[in-house]
Amino acid sequence: MKRIITVTVINQSGVLNRVTGLLMKRQFNIESITVGPTEQPNRSKMTFQVHVEDENKIEQLVKQLQKQIDVITVKDITDKAIVLRELALIKVISPPQIRSEMNSIVEPFRATIVDSGKNVVTYQVTGDPDKIEAFIDLLKPYGIKELTRTGATAFARDMQKVQAPQFSLLKQ
């Protein structure tokens, strides 16, 4: 099962190496990682997507991360209502005669053209990873010349759904 972990850290040299080293030692495969500054100048936030088979292993990982000296907070936000986004840049072979056809494909995804040449167009698309995958799949028949993705970044929404208690009219 895929888990999404956010880690707020002190922004200094070597922190990323220590945190990813801990994941490597525990044999977690990092499927996606993003790191960037936060609203506080001396802090950064890391967002990891890791694949985990055993729930106990994720609890152990969170505890181990919390023990790191440069780590401020660790959150497993997988089961929360979250905002999750990824960015992709896709360079596609696009001769002038098919550009209007391609634009009709691109429009529903709200992708933007960030560069164009004689026979190539570069699109930028943001959204959840499934949207990015669907966009890439639609562009493959045209010929993707180059592709790069950022990996997902995420945080929990302010308003979390509250599970309503389940009542049964049937007596047991």
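D79 is exposed, its relative accessible area being 66%, where exposed means over 50%, buried under 20% and partly exposed in between (1.4 Å probe, protein chains only). This is a predicted model, in which local features need pLDDT of at least 70 and side-chain atom pairs count only at pLDDT 80 or more, while totals for chains, interfaces and linings use all residues. Residues are numbered from 1 along each chain as its sequence is written, and side-chain values use heavy atoms, with hydrogens and water left out.

D79 forms a salt bridge with R3, the closest N and O atoms being 3.3 Å apart; a salt bridge is a side-chain nitrogen of Lys or Arg within 4 Å of a carboxyl oxygen of Asp or Glu. R3 also meets D76 in a salt bridge (2.7 Å, N to O), and because R3 lies in strand β1 and D76 in strand β4, this pair ties together parts that are 73 residues apart in sequence. R3 counts as buried at 4% relative accessibility, whereas D76 is partly exposed at 23%.

Strands β1 and β4 belong to an open sheet of 4 strands, ordered β2-β3-β1-β4 with antiparallel pairing. Here strands (E, at least two residues) are DSSP runs numbered from the N terminus, and two strands pair if DSSP finds at least two bridges between them. β2 (30-37) and β4 (71-76) stand at the edges with a single partner strand each, so one side of each has no neighbour in the sheet. Strand β1 (residues 2-10) pairs with β4 over 5 bridges in the antiparallel sense, and V7 stands opposite V74 in β4.
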